[in-house]
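Me: I have a model open and want to learn how to read it feature by feature. Can you take me through it?

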Amino acid sequence: MQRSLSDPQLLAAAEAAADFRILPDATVLKIGGQSVIDRGRSAVYPLVDEIAAARKTHKMLIGTGAGTRARHLYSIAAGLNLPAGVLSQLGASVADQNAVMLGQLLAKHGIPVVGGAGLSAVPLSLAEVNAVIFSGMPPYKLWMRPAAEGVIPPYRTDAGCFLMAESFGCKQMIYVKDENGLYTANPKTAKNPTFIAKISVDEMKAKGLHDSILEFPVLDLLKAARHVRQVQVINGLVPGNLTRALAGEHVGTIITAS
């Protein structure tokens, strides 16, 4: 108790202690804001039906992205020379809105929206209805660590959902987006890009793909994780993809820590 928290022996002892997995049977889903929710009814309703059916056999923590409205807010706030911490709060407000909307659509199934102190009720909700919804933005707010360049918050909803999965010791992290997975170039703009079914963090960085489908910090978080050692990116606009991924099938792209 007298040592510095950076003492080598103390760090070694702490490293040797195993982390307790709080929710080892649960899966964290990240529902993209721009890629899914912003598309409206045609994209969201089928996914809501799939989530409602899947909760009968799977425990899910469902995080929401921010999307187009957050990008608009970031643009205005950056133009006003506001710092990353303020932009973080603005982005969180949009992710919160998406969580509320998704929560209303799933309310008839008893699936609640949780946040802040309400996260303590997650185990009860999972035991009762097998699912909860949360806003994917990590709660750094004014304490957001600034990016190396610019003021866009580097830890956004991709990172927030991953941190939830890792902190709770969940078994699986699935990103639900609007592409089949990772490609060698942006499939929305490039001609004939090559699909990548499985890749490691180091391989992504070596190929210059480190900021192509997930927020850049997620790769470093994945590399340092103790429990969630891979993530899966799927196309949520294809019916059945989410159900297959929850069942453990290799749908989309799998990114591994090593």
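Predicted model: local features only at pLDDT ≥ 70, side-chain atom pairs only at ≥ 80, totals over all residues.

Me: How many bridges join S8 to S10, and do the two run parallel or antiparallel?

Reply: The general idea is that strands of a sheet pair through backbone hydrogen bonds, either parallel or antiparallel. Here S8 and S10 run parallel and are joined by three bridges.

Me: Which residue of S10 is the bridge partner of Gln230?

Reply: Thr256 is the partner of Gln230. Strand S9 covers residues 230-235 and strand S10 covers residues 253-256. Four bridges join S9 to S10, and these two run antiparallel. Val231 stands opposite Ile255 in S10.

Me: Which way do the residues of S10 point, and are they buried or exposed?

Reply: Thr253 and Ile255 point one way. Ile254 and Thr256 point the other way. All are buried.

Me: What is the strand order of the open sheet?

Reply: Eight strands make up the open sheet, in the order S3-S4-S2-S1-S5-S9-S10-S8. The pairing is mixed. Strand S3 (113-114) and strand S8 (198-200) are at the edges. Each has a single partner strand, so one side of each has no neighbour in the sheet.

Me: What can I say about S1 and S2?

Reply: S1 and S2 run parallel and are joined by six bridges. One example is Val28, whose bridge partner in S2 is Leu61. Five of the six residues of S2 are buried, so S2 is largely enclosed by the rest of the structure.

Me: Which strands does helix H4 lie across?

Reply: Helix H4 (residues 84-106) lies across strand S1 (26-31), strand S2 (59-64), S3 and strand S4 (131-135). H4 runs at about 155 degrees to S4. Helix H8 (residues 216-224) also packs on the sheet. H8 touches strand S5 (172-177), S9 and S10. The direction of H8 makes about 60 degrees with that of S10.

Me: How many aromatic pairs does a search of the whole structure find?

Reply: A pair of aromatic rings is described by the distance of the centres and the angle of the planes. The search of the whole structure finds two pairs. Tyr140 and Tyr155 form an edge-to-face pair, 5.9 Å centre to centre with 90 degrees between the planes. Tyr140 and Tyr155 are both in the loop between S4 and helix H6 (157-168), 15 residues apart.

Me: Is Tyr140 buried, exposed or partly exposed?

Reply: Tyr140 counts as partly exposed, at 29% relative accessibility. Tyr155 counts as buried, at 17%. The cut-off for buried is under 20%.

Me: What are the distance and angle for Tyr183 and Phe195?

Reply: The ring centres of Tyr183 and Phe195 are 5.4 Å apart and the planes are at 65 degrees, so this pair is edge-to-face. Tyr183 lies in strand S6 (residues 182-183) and Phe195 in strand S7 (residues 195-196), so the pair ties together parts 12 residues apart in sequence. Tyr183 is buried at 15% relative accessibility. Phe195 is partly exposed at 35%.

Me: What volume does the largest pocket have?

Reply: Rolling a probe the size of a water molecule over the atoms shows where empty space is left. The largest pocket here has a volume of about 1000 Å³. It is lined by 41 residues, and the closest to its centre are Arg71, Arg156, Asp158, Lys177 and Ile213. Helix H3 (68-79), H6, S6 and H8 each give two or more residues to the lining. H3 gives the largest share, three residues.

Me: Where does Asn81 lie?

Reply: Asn81 lies in the loop between H3 and H4. Asn81 has a positive phi of about 65 degrees, although it is not a glycine. Asn81 is exposed, with a relative accessible area of 69%. Asn192 has a positive phi too, about 55 degrees, and is not a glycine. Asn192 sits in the loop between S6 and S7. Asn192 is exposed, at 74%.

Key. Residues numbered from 1 in each chain as written. Heavy atoms only, no water. Pairing = 2+ DSSP bridges. Contact = heavy atoms within 4.5 Å. Axes fitted to C-alpha atoms, helices over the stretch in contact; angles between N-to-C directions. Phe/Tyr/Trp six-rings, centres within 6.5 Å; stacked < 30°, edge-to-face > 60°. Buried < 20%, exposed > 50% of the residue type's maximum accessible area, 1.4 Å probe, protein only. 1 Å grid on protein atoms, 1.4 Å probe; cavity = no way out; pocket = protein on both sides within 12 Å on 5 of 7 lines; lining within 4 Å. Points joined across faces, edges and corners; volume = space filled by probe spheres on them.
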